[in-house]
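Visitor: Hi! Could you walk me through this structure in simple terms?
Guide: Happy to, let's have a look together.

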Amino acid sequence: MQYMMLICGVEGGVLPPDEQAAMMADTEAWVKEMDGRGVRRFGDRLRHTDAATTVRVRDGETLLSDGPFAETKEQILGFDLIDCADLEEALEIASKHPAARSGTIEVRPLWPLGED
């Protein structure tokens, strides 16, 4: 089953240089481990919310607005698509991600088209 990991945290949170380097190294190690296990399909960081555009269509009119829709301190900073045997494995994988130590990771199963 495929799951999307939404990696959330405070955008622009500044870590001391040594902590930032450690976080990047730990994340690269996590990616290497999950790729090696064959469970990580794809993932990446996202640009900051000032690069986001929200799209809505109301009464046939397309409405565009700058930034994310949600008004919250935490934003989605990145994502990983993983393919696991079950939710238990997906949660184990998410708990190993370095971002879980300082932010939040939402794990959500994909809902394929045509499936109820």
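**A chat about salt bridges and surroundings**

Guide: Let's begin with Glu-92, which is partly exposed, with a relative accessible area of 25%. Here buried means under 20% relative accessible area, exposed over 50%, and partly exposed in between (1.4 Å probe, protein chains only). Please keep in mind that this is a predicted model: local features need pLDDT of at least 70, side-chain atom pairs count only at pLDDT 80 or more, and totals for chains, interfaces and linings use all residues. Residues are numbered from 1 along each chain as its sequence is written, and side-chain values use heavy atoms, with hydrogens and water left out.

Visitor: Got it. Which side chain meets Glu-92 in a salt bridge?
Guide: That is Arg-37, at 3.0 Å from N to O. A salt bridge is a side-chain nitrogen of Lys or Arg within 4 Å of a carboxyl oxygen of Asp or Glu. Arg-37 lies in helix H1 and Glu-92 in helix H2 (residues 87–96), so the pair ties together parts that are 55 residues apart in sequence. Helices (H or I, at least four residues) and strands (E, at least two) are DSSP runs, numbered from the N terminus.

Visitor: Which residues are linked with Arg-37 in a network?
Guide: Glu-33, Glu-89, Glu-92 and Lys-96 are linked with Arg-37 by salt bridges. Between Arg-37 and Glu-33, the closest N and O atoms are 3.9 Å apart. These two are four residues apart in helix H1, so about one helical turn separates them.

Visitor: And how many salt bridges are there?
Guide: By this rule, the count comes to 10. Another one joins the side chains of Arg-40 and Asp-35, at 3.2 Å from N to O.

Visitor: Is Arg-40 buried or exposed?
Guide: Arg-40 is buried, because its relative accessible area is 16%. Its side chain also has a polar contact of 2.7 Å with that of Asp-80. A polar contact is a pair of N or O atoms within 3.5 Å; within protein, one must be able to donate a hydrogen and the other to accept it, and residues adjacent in sequence count only if both atoms are side-chain atoms.

Visitor: New topic: where is Asp-80?
Guide: Asp-80 sits in strand S5 (residues 74–83). Asp-80 is buried too, with a relative accessible area of 4%.

Visitor: What about Val-55, buried or exposed?
Guide: Val-55 counts as exposed, because its relative accessible area is 55%. You'll find Val-55 in strand S3 (residues 53–58).
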